[in-house]
Structures are given as structure tokens and as C-alpha cells.
Amino acid sequence: MITSVHVPLLVSLLLAGISPVLAARLSPARAAVALVAASAAAAAASTAWALMFLAVTLGLVTPLLSARVAAHGGWFIDSIPAVLAAALVSGLGAGTVRVVAVLRRRRRVTRELHALCETCGVGREELVVAPIAHPHAFAVPARFGRVESTGGRILVTVGMLRALDAAERRALLAHERAHLICRHHRQRAIVEFAAALNPLLIPARSAVAYLVERAADEHAATTIGDRRVAAYALATAAIAGASPAGTHRGIPPDAALGYSRFGVARRVAALHAAPLPERRLPPMLLIALATVTAAETPHTAHNLAAFSVAEFGQTLVAGF
Amino acid sequence: MATLWASDQPLTPTAVRDALGAELAYNTVQTILVRLYDKGLVSRAPSGRGHAYSPTVRHADRAADQMHALLEHGPDHDAVLQRFVTSLSHADETALRRLLRRRRSR
């Protein structure tokens, strides 16, 4: 029993360890999906455990409740290492605070992106060009619930368009369109919340951020039929953004601290290299791990989340 | 549309077609430009026998303010904001510059 207490923690640590390796070795689209599923399961499981500890610590578990849960094949913890309990319960509080912060930040960014599209966009045109000299490009997913062809818009600045030639511009637009078509913002949102709940998953979050960019790069390279042009587009855009000639004052030079290991230079190098072979086994193992993690979580009244994640994992395995 | 934005001067349909580098008929480009003009996306001025087109710049000041608001929140935001490129480390910048120089010299 005590071993299964540690399962979510061990899985999180394992994910922290292997995420960078997976990011470097696997073809990006599948690896991202698998890592997202595993992170979601690990976060759900660790949260469910922490909630149960909280219930036990607060004395909410009466013998009657315990007996009723046991009748349904579940059980509550009776003894747990004090240090672990304290860590999990305080982690739960901190996690809640972080989740709220992430929610607010996401809402704000979405609002600001849509405001920019509103200002610069014309009608429902997919391409929105902002009259700004500094090179930027964003994929702006459609607001929740709105159904459209690709379900979003592409926001680029004049600075970005001027930095690239015609072929490179096509690569850029294909990249951003890939984000919209593959709904990468959802994958990133899931790992963002998972890492907010469980900080051990921060490396997995960074790896997914890198993997969805790589997936979009590969998509763009396939669409325009030239890996090299896709690589040059990326390199040119990055250099243009880095040049001090830019009139924009916003971004400090090392804003992307967390991503320095998963940076643009590595994406350019990956596009220059041959595409990675599509391996099925490692992503499937990850999803299996996610399913097991979720299933290991005890059947308390509070673990509906774990159930749904387990089912989600099984559906994914069936999909592969 | 992106081609017009990328140019710093108005373009004739022929120039647009050349810049696109794709095998498009003059008439196709011309039709698209007229359609964009009808929608108010581009403005045009007489040039030679036809027109030269440039994109309509709207609300530049407001756009600049909004972009600034979007980007000024710093590194935390990068986790939420999906963007084409993030900023470069010094070593990466040098490496990429070398790569692009090699390409030009080829």
C-alpha cells in the first residue's frame, strides 16, 4: 500500500528525467501526445492522493464512510509517512494558487491576442497583419466553442513578413497553421495545468512546448516540400528578432530562460538533419504508464479525474 | 496579401506575381488584388497603365500598444503564449548567423 502512495511521485520523477531525452529522440507529434497524456495522469494521480491525505488528516474519513468505500472495492489510507503527508498537503495548497495564476494568465493572453486581431484583422480573414516593425508571429486559436475551418487566425507583424522571402513566408504560415490544425494550444494548456499542480512535471511542460514547435516545423517542411527553407525561415526570423535594430523595447534578451535547452537553434538543427523515424513503442509505453498510474489511484469518492484520465489513455492506445 | 505587406512600396500585379515566385497567371493575381481592394484590404494608386497596390494600414498606434501589453509580462507569459520564435541565447545567435552567411555565400 505504501508503495502505491509513492507511485505518482515516482512517475513524475521518471517523466522529469526522460522528457528531455524523448524530446530529442522521438518524432515530435506522437511524443507530444504521449507526454501530455502521461503528465495529465501523473498530475491527476498526485492530486487525488493529496486530496485523500487531506481528508484523512482533517478527520473527514469516518468509519462509516470508510466502510461504504470498502464495499465498493476502494479503501482509504490508514498510515502514511508524516513527511510525505505534510509535503503533499502543502503542495496541494501551493498547487491551487498556481492553477489560479495560470488560469488568469491564460485568460489575459487570450484576451490580448484577440484584441490585437480585432484591431488589425479584416472581417474573418485568417491572416492578420499587425503594422509593427518587430518580427513576431502567433497562432491565435478560435475562442472556445466557435467552429470554423481551421478554428483560428494567424497573427504576424509587418516586421516578420519583411524579414522573410516568399518561400520562407509560406513556411512561417504553414507552421502557424499547423498549430491551429493540430490544436497544439490544448496540449500546452494540459501540461501547463499539470505542471502547476505538480512542479515535478515542469520538465515535461518544457519538453511539450518544444515538441509542439518541432511538430509544427515538420508540418511546415512537409507542406512546402523543403526542409531547408523551413530551417532558413526559422533562423532568419530568430536573427531578425534578436537584432538590436528592432524598435521594440519589450523583451529582455533572455526572456526564454526555461526554453534555452529547447531553443530555436536546436529546431533549426533538427530541420537540417534527416527526419526522425516514426517509432511507435516509446510513446505507447508512456501512455501505458499513464494508464497504470491513473488506475493505481485508489477508488475514493474524489478520484473521478483519475478514472477519466485512465479511459482517455486507453482510448489513445487504441488510436495508435 | 503577405507579399504586399512585406514590400515597402506599392506593387503592381506583375511585381506581386514575381514576388510570389509561383506560377500564377497575371489575371489571377489581378483578380485577387481587385477583390482585396473591394474589401478595403488594400488601397491603390495609378501606375503606368494599371494600378499599384499597397495594404491599408489601420490603427497602427492601437496595435502597437496592444502588442506591447501582450509582450511586456515577461518570461512567465512565454509558457502560455505560443510564438514562432523565442529569444536567442548569445551562442545560438552566433551559430544561426553563421548558418545564414553560409547559405548566402553558396
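## Basis and confidence

Residues are numbered from 1 along each chain as its sequence is written, while chains are lettered from A and ligands numbered from 1 in the order in which they are written. As the model is predicted, local features need pLDDT of at least 70 and side-chain atom pairs count only at pLDDT 80 or more, whereas totals for chains, interfaces and linings use all residues.

The model has an ipTM of 0.70 and a pTM of 0.77. The mean pLDDT (the predictor's confidence in each residue, from 0 to 100) of chain B is 74, and 75% of its residues score at least 70. Within chain B, helix α3 (residues 26–39) has the highest confidence, at a mean of 82, and helix α5 (residues 75–78) the lowest, at 50. Where pLDDT is low, the predicted coordinates should not be read in detail.

## Architecture of chain B

Chain B contains 6 helices and 2 strands; helices (H or I, at least four residues) and strands (E, at least two) are DSSP runs, numbered from the N terminus. The order of elements from the N terminus is α-α-α-β-β-α-α-α.

Of the 106 residues in chain B, 30% are buried. A residue is termed buried if 20 or more other C-beta atoms lie within 10 Å of its own, exposed if 12 or fewer, and partly exposed in between, with C-beta atoms placed from the backbone. Considering contacts in chain B between residues at least 6 apart in sequence, 33% link residues at least 24 apart; a contact requires C-beta atoms, placed from the backbone, within 7 Å.

## The hairpin of chain B

Strands β1 (residues 42–47) and β2 (residues 50–55) of chain B pair in the antiparallel sense over 6 bridges, where pairing requires that DSSP find at least two bridges between two strands. B:V42 has B:P55 in β2(B) as its bridge partner. The hairpin has 2 residues between the strands, and B:G48 adopts a positive phi near 60° there.

## Exposed loop residues

B:Q9 belongs to the loop between α1 (2–6) and α2 (13–20) of chain B. B:Q9 is exposed because 7 other C-beta atoms lie within 10 Å. Its C-alpha atom is separated by 34 Å from that of B:H90, 81 residues apart along the chain.

In chain A, A:G225 is located in the loop between α8 (202–224) and α9 (227–242). With 8 other C-beta atoms within 10 Å, A:G225 is therefore exposed. The C-alpha atoms of A:G225 and A:P282 are 28 Å apart, with a separation of 57 residues along the chain.

Technical notes. Contact = placed C-beta atoms within 7 Å.
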